Amino acid sequence: MSAFRNIVVLTGAGLSAESGLATFRDPNGIWAKYDVEDVATPEGFARNPQLVHEFYNMRRRAHAGVTPNAAHAALARLEQHIPGTVIVTQNVDALHEAAGSRNLIHMHGEALKVWCIACDARHAWRDDLSTSTPCPSCTKPGGVRPDVVWFGEMPYHMERITRLLSNCDLFISIGTSGNVYPAAGFVAASRKSGAHTVELNLEPSQGASLFAKAIYGPATAVVPAYVDRLINGA
Ligand code: APR
C-alpha cells in the first residue's frame, strides 16, 4: 500500500501526445503553426472571432477522433487505488474522462464545451462553431465561444487547486514544459507544504530543478511503471 494519501497530478499536452494530439511547444507543435495572440487571447477573439472559431473547430475535430493512452489509463487506476488522488489538467481534451478518471479539474477549460458570454450558460459541444451559432440557452447568435481559458484570463478552480497543493503529500507533474503560470508554480507550492515532488516527462521541463525526483521517457512507458510502483507501495 502506498505511503501517499493525498496526491495531486498536474498533466499537460505531453500526456495526450501518444494519443495523437499535438503539443504546443515541441518543434512541430501548435504554436509553431498558429499565432497564440490571434487564436488564444480575448483580444484575438475580439479582432477576428471567426479565425478563433476555425482554430477550435479544427482542435474539436481532432479531439473527437482520439482515444486515451496507457498513461491516462494508469492515472485512472491510481485514483481507484488511492482515492485521495486528484488530477489537475492543463489539457482541454476529454481523454482523462474517457480513461475513467473522476477526480479531475480542467484548469484551462474544455474544448468540447462552449460558453455564452451573453447569458453565461455553458454547454457540452462537439460540432463546429461560427459567429452565427445561436446559444442553446438564450438563442442569441455571436455570443458563444469555446469554454477554454485564453492567455490573460484567470484559470478555473484556482482556490480549490491551491487548497489541494497545500494539503498534498505527493505532487506529480506529467507531460508539461513548465512554461505557463500558474501551473508552472505548482511544484514550488507543493514543496512548501512538504510534499514529495516527481516529474515524469519526455525531457527536463523549465522547472526540472525544483523536483525531488524525475523520470524521463514517453508517458505511455514511464507513467504506468511509476503508478504500479506507487500502488505496490514502493
Ligand atoms: N511523453 C511525455 N512527455 C511528452 C511527450 C510524451 N510522449 N511528448 C511531449 N512531451 C513533453 C514535452 O517534452 C514538453 O515538455 O510534454 C511537454 C509539452 O509541453 P507544451 O507543448 O508546452 O504543453 P503544456 O506544458 O501542456 O502547455 C501548457 O500552454 O499554450 C498553453 O494552454 C496551453 O495548456 C497549455 C499550456
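This is a predicted model: local features need pLDDT of at least 70, side-chain atom pairs count only at pLDDT 80 or more; totals for chains, interfaces and linings use all residues.
**Exercise 1. Lys 113**

Is Lys 113 buried, partly exposed or exposed?

- Step 1: take the relative accessibility of Lys 113, which is 30%.
- Step 2: apply the cut-offs. Buried means under 20%, exposed means over 50%, and partly exposed lies in between.
- Step 3: conclude. Lys 113 counts as partly exposed because its relative accessibility is 30%.
- Step 4: locate the residue. Lys 113 is part of strand S4.
- Step 5: look along the chain. Asp 127 is 14 residues away from Lys 113, and the two C-alpha atoms are 9.9 Å apart.

**Exercise 2. The chain as a whole**

Describe the secondary structure, dimensions and burial of the chain.

*Solution.* 
- Step 1: count the elements. The chain has 10 helices and nine strands.
- Step 2: box the C-alpha atoms along the principal axes. The box is roughly 55 × 35 × 30 Å.
- Step 3: turn to burial. Of the 234 residues, 49% are buried.

**Exercise 3. The ligand site**

Which residues come nearest to the ligand, and which atoms lie at polar-contact distance?

*Solution.* 
- Step 1: list the nearest residues. There are 23 residues around the ligand, and Ala 13, Phe 24, Arg 25, Thr 176 and Ser 177 come nearest.
- Step 2: set the cut-off. A polar contact needs a pair of N or O atoms within 3.5 Å.
- Step 3: check Phe 24. One of its backbone N or O atoms is 2.7 Å from a ligand oxygen.
- Step 4: check Arg 25. Here a side-chain N or O atom lies 2.7 Å from an oxygen atom of the ligand.
- Step 5: check His 108. A polar atom of its side chain is 2.9 Å from a ligand oxygen.
- Step 6: consider cover. On its own the ligand has 730 Å² of accessible area, and the protein covers 94% of that.

**Exercise 4. The make-up of the shell**

*Solution.* 
- Step 1: The shell holds nine nonpolar, 10 polar and four charged residues.
- Step 2: sort by element. Helix H1 (residues 13–17) gives the largest share, three residues.
- Step 3: sort by domain. Domain 1 (1–20 + 68–108 + 155–234) and domain 2 (22–65 + 110–148) each supply at least three residues.

**Exercise 5. Loop residues**

Examine four loop positions: Ser 205, Pro 182, Asp 120 and His 157.

*Solution.* 
- Step 1: start with Ser 205, in the loop between strand S8 (196–201) and strand S9 (213–216). Its relative accessible area is 12%, so Ser 205 is buried. Its side chain makes a polar contact with the side chain of Glu 199, at 2.3 Å.
- Step 2: move to Pro 182, between strand S7 (170–174) and helix H9 (186–192). The peptide bond joining Tyr 181 to Pro 182 is cis, with omega about 5°.
- Step 3: inspect Asp 120, between strand S4 (109–116) and strand S5 (122–124). Phi is near 75°, a positive value in a residue other than glycine.
- Step 4: finish with His 157, between strand S6 (144–148) and helix H8 (158–167). Its phi is also positive, near 60°. At 48% relative accessibility, His 157 is partly exposed.

Notes
Residues are numbered from 1 along each chain as its sequence is written. Side-chain values use heavy atoms; hydrogens and water are left out. A residue is near a molecule or strand if one of its heavy atoms lies within 4 Å of it. A polar contact is a pair of N or O atoms within 3.5 Å; within protein, one must be able to donate a hydrogen and the other to accept it, and residues adjacent in sequence count only if both atoms are side-chain atoms. Accessible areas come from the Shrake-Rupley method with a 1.4 Å probe; for residues, only the protein chains shown count as cover. Helices (H or I, at least four residues) and strands (E, at least two) are DSSP runs, numbered from the N terminus. Ala, Val, Leu, Ile, Met, Phe, Trp, Tyr, Cys and Pro count as nonpolar, Asp, Glu, Lys and Arg as charged, and the others, Gly among them, as polar. Domain bounds come from an automatic or database domain assignment. Buried means under 20% relative accessible area, exposed over 50%, partly exposed in between (1.4 Å probe, protein chains only).
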